Each structure stands twice: as C-alpha cells, then as structure tokens.
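Please read it alongside the sequence and the model shown here.

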Amino acid sequence: MSKTSFPAPPLKWLRVTVNPNDVFINCPFDESYDGFVYAICFTLIYCGFVPRSALESTDAGIVRIEKINSIIEQSNFGIHDLSFTHLDPHNQLPRFNMPFELGLFLGCRRFGGKAHADKRTLIFVSQPLRIPAVYFRYRRTGCACASRSTESCC
C-alpha cells in the first residue's frame, strides 16, 4: 500500500453538505501510481480544489466503504482513473473497486436529488474511447486517455 496521504482537518469526512471545491479521487493507491497521484493533487490544489479520498481518515472504526460514500456525497467533482485496471497476475481477475466507486459516484449524481445533480465526473481510460461496456453511455463525454508516463502528461 502506498504511503500517499491526503491532508485534511480531522473528521472532515463527517460533513453532510456538498462542497463545491471537493474532488473525490478514485485511483490506485500503490507505489507505482504515486507520481500520478501527486500530479493530480498538485494540480487540484493549485487550481483551488480540495482532493479527497478514503486515505484522509485513519480511523479504523469506520468501514472504508462508508468513508468513500461520505466523501462522494460531499464532493462536487470526481476523478476516476480506470486506465490502471488490469488483471491480477495471481487470480487473473481485475480489481473492481475503481469501477465500483465510479458507479457509486454516478449513482449519487443520478439518485441523490437536486443537491447532487450537478456533480461532474472525469474518467481516465487507457485508450481513447475505451471504457468498460457497463459505462458505454459515458464514452463520448467526460473521458480522457491517460498515459502511463508522467512526461507525456505535460
């Protein structure tokens, strides 16, 4: 597990209002992805946004999915990197947590009432217009091709 952490005031995730500057970060949190996480967070902070993730709270008494649900509820924006989704070499299955969290975000937008109707989503995929079939309706909007090289992001 990566040592990446998100600075946040204690118990910030307990808020119940949508903050127009909060951005839910849904990406891998392992060492091979740290450079991308730092680039995303730097850019967001530089532009006046607040990056949010389940890593901002270390309270083991709160179930991780509840932290994620709360952050999604509070965030006006979401960045979802599905480009890193690949088969695990041991069991030949992909990690489904990132597409699942994208589904939670889209569900909150769709079923969360007026307070959540204006949520905006950016989805990174590994190839242009390539996105899992379950999200086929979103493949023309809000998707960006993500390169595996930090040099090509500039």
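How many disulfides does a search of the whole structure find? The search finds zero disulfides, in what is a predicted model. The points below begin with the cysteines and then turn to salt bridges, a helix and a cavity.

**Cysteines**

- Cys-41 takes part in no disulfide, and the nearest cysteine sulfur, which belongs to Cys-27, lies 7.3 Å away, whereas a disulfide would require the two sulfur atoms to be within 2.5 Å.
- Cys-41 counts as buried, with a relative accessibility of 12%, the cut-off for that class being under 20%.

**Salt bridges**

- The structure contains two salt bridges by the rule applied, and through them Asp-22, Arg-52 and Glu-56 are linked in a network.
- One of these joins the side chains of Asp-22 and Arg-52, with a distance of 2.7 Å from N to O.
- Because Asp-22 belongs to strand 1 (residues 19–26) and Arg-52 to strand 2 (residues 50–52), this pair ties together parts of the chain that are 30 residues apart in sequence.
- Both Asp-22 and Arg-52 are buried, and for Arg-52 the relative accessible area is 0%.
- A salt bridge also connects the side chains of Arg-52 and Glu-56, where the distance from N to O is 2.8 Å.
- Glu-56 has a relative accessibility of 12% and therefore counts as buried, given that the class takes in residues under 20%.

**Helix 2 and what covers it**

- Helix 2 spans residues 64–74, and its buried residues are Lys-67, Ile-68, Ser-70, Ile-71, Ile-72 and Gln-74.
- The elements that cover these buried residues of helix 2 include strand 1 and strand 2, together with strand 3 (75–81) and helix 3 (97–111).
- Strand 1 and strand 2, which are among the elements covering helix 2, are also the strands that hold Asp-22 and Arg-52, respectively.

- Counting cavities of 30 Å³ or more gives one cavity, and the volume of the largest cavity is about 30 Å³.
- The lining of the largest cavity is made up of Phe-84, Thr-85, His-86, Arg-95 and Met-98.
- By residue class, that lining divides into two nonpolar residues, two polar residues and one charged residue.

How values were computed:
Residues are numbered from 1 along each chain as its sequence is written. This is a predicted model: local features need pLDDT of at least 70, side-chain atom pairs count only at pLDDT 80 or more; totals for chains, interfaces and linings use all residues. Side-chain values use heavy atoms; hydrogens and water are left out. On a 1 Å grid over the protein atoms alone, a cavity is a set of points where a 1.4 Å probe fits but cannot get out, and a pocket is an open set with protein on both sides within 12 Å along at least five of seven lines; lining residues have an atom within 4 Å of a point. Grid points are joined across faces, edges and corners, and a volume is the space filled by probe spheres set on the points. Ala, Val, Leu, Ile, Met, Phe, Trp, Tyr, Cys and Pro count as nonpolar, Asp, Glu, Lys and Arg as charged, and the others, Gly among them, as polar. A salt bridge is a side-chain nitrogen of Lys or Arg within 4 Å of a carboxyl oxygen of Asp or Glu. Helices (H or I, at least four residues) and strands (E, at least two) are DSSP runs, numbered from the N terminus. Buried means under 20% relative accessible area, exposed over 50%, partly exposed in between (1.4 Å probe, protein chains only). Contact means heavy atoms within 4.5 Å.
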